[in-house]
Amino acid sequence: MTPLFYCFAALIVTRSRALVLRFSNSTISSGAIAHSMATVAGNGKQPITFQGFYNAYHTGRGIWKWNNALDAYQRHLGPLAGKPLSLAEVGVQSGGSITMWKSVLGFSVHYFGIDINPATQQFVDPTTSIFMGDQASDKSWDEFYSTVTPGLDVLVDDGGHSPVQMSVTFARAFEHINPGGYIMTEDIFNEGHVTSFLFKAAEHIGYWNQQVDSVHLYPGFLAVKKATQGLPPQFQSFNSPVVAMVDSWERMWTAISNHPGSTIVVSNPAWGSMFAAYSMQSIFHQFSNLYAGTTTDNPKGCATTSAPVCTSSIVNSPLQNKVTGVHVYRDNIFVEVALHPPVISALRKGTYWIPYGL
């Protein structure tokens, strides 16, 4: 497949002098925009969803997200709407996601953006902090967690997307995630990253074993939820009925082929904890094609520019046509099987775009 060398939120993050901006005036107030968007879209009747926000968003700060990432946000973060949250995002780019997080999750969100582009400092306001730093640098993360915030409810990595950058960000985040919170890594559409990033992530998950609530695999997307001490695992609701329980990979693949539009449970006590490093590496290996797929862009070449009109799409791998989600708990794996091949795409929204690069 063609490596995905660009990113949707920021160009590859390189070393930069650290800088934190807080509580200063900005010509663009994400809080004000969020309030306006939430009022119009929600109309006081029901909370706005991530998908609803994105579909209704046309003008303002640019935002570019995969549609299945929006589905994952809604599924995992939607229930947190209205609660005080500390949310960090690697890759601020044109600032549209700041508006999205606050519009959907509410006005008690404090957004911490990590980027290298000084132009993103314009988004600072009383509930938005921007940190200049290199996501591949332990020194930058030391400074971020010691001087900006010691704890987070959610960290979203939509930054440089290289294995080193994702690995350092992932490894450093977990101890700073509050119980019940998430690490989310986006845009992993490169099957080579299974061994260069996901296998390393499996080693960390194995080390954190007792502190992990669940691990969620989607095409090009990984989410790890931290357990809350004293509470049982918070099982996900599924979009399709459970039709089979199997105890081997071979039986799982047979069940996936035979039961489109269903959920398959994989359980084998002899395997031990699914969060053990060897178990997670086996899971990532089995579902490695979730992270494959050829990327195309329309108009051609737009993905590496700041053009406001641009759509990227995935030419699905065979597995992406069949499996929409894999949910790993300590004793079980739940595999969601597609009824029809899904469309995986990212449509740029918004009119204000900061040029890529420095």
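Biologist: What gives the most to the lining of the second largest pocket?

Modeller: That would be E7, with three residues, the top contribution to that lining. Keep in mind that this is a predicted model.

Biologist: How much space lies in the second largest pocket, and which residues are closest to its centre?

Modeller: The second largest pocket holds about 300 Å³ of space. It is lined by 19 residues, and the ones closest to the centre are Leu80, Gly180, Tyr182, Lys225 and Gln234. Two or more lining residues come from each of H3, strand E6 (177-185), strand E7 (212-218) and strand E8 (221-226). Sorted by class, that lining has seven nonpolar, seven polar and five charged residues.

Biologist: And the largest pocket: how much space is in there, and what gives the largest share of its lining?

Modeller: About 400 Å³ of space. Helix H3 supplies the largest share of the lining, five residues. Strand E13 (323-328) and strand E14 (333-337) also bring at least two each, as does H3 (67-77). In total 21 residues line the largest pocket, with Asp71, Tyr218, Asn239, Thr324 and Pro342 nearest its centre.

Biologist: On to the rings. How many aromatic pairs are there?

Modeller: The count is 22 aromatic pairs.

Biologist: Why is the pair of Phe112 and Phe144 called what it is?

Modeller: Their ring centres are 6.3 Å apart, and a pair needs centres within 6.5 Å, so they pair. Their planes stand at 90°, and over 60 degrees counts as edge-to-face, so that is the name they get. The two partners sit 32 residues apart in the chain, Phe112 in strand E3 (residues 109-115) and Phe144 in helix H5 (residues 138-148), which links distant parts of it.

Biologist: How do you know whether Phe112 is buried or exposed? And Phe144?

Modeller: Buried means under 20% relative accessible area. Phe112 comes in at 5%, so Phe112 is buried. Phe144 is at 0%, so Phe144 is buried too.

Biologist: Which residues form one aromatic cluster with Trp101?

Modeller: Phe50, Tyr73, Tyr218 and Phe221 are in that cluster with Trp101. Tyr218 is also one of the residues nearest the centre of the largest pocket.

Biologist: What makes you say the charged end of Arg348 sits over the ring of Trp64?

Modeller: The charged end of Arg348 is 4.0 Å from the centre of the Trp64 ring, and the distance limit for sitting over a ring is 6 Å. Arg348 also sits over the ring of Trp353, with its charged end 5.1 Å from that centre, so that distance passes the 6 Å limit as well.

Definitions and conventions: Residues numbered from 1 in each chain as written. Predicted model: local features only at pLDDT ≥ 70, side-chain atom pairs only at ≥ 80, totals over all residues. Heavy atoms only, no water. Phe/Tyr/Trp six-rings, centres within 6.5 Å; stacked < 30°, edge-to-face > 60°. Helix = DSSP H or I, 4+ residues; strand = E, 2+ residues; numbered from the N terminus. Buried < 20%, exposed > 50% of the residue type's maximum accessible area, 1.4 Å probe, protein only. Lys NZ or Arg CZ within 6 Å of the ring centre and 35° of its normal. 1 Å grid on protein atoms, 1.4 Å probe; cavity = no way out; pocket = protein on both sides within 12 Å on 5 of 7 lines; lining within 4 Å. Points joined across faces, edges and corners; volume = space filled by probe spheres on them. Nonpolar A, V, L, I, M, F, W, Y, C, P; charged D, E, K, R; others polar.
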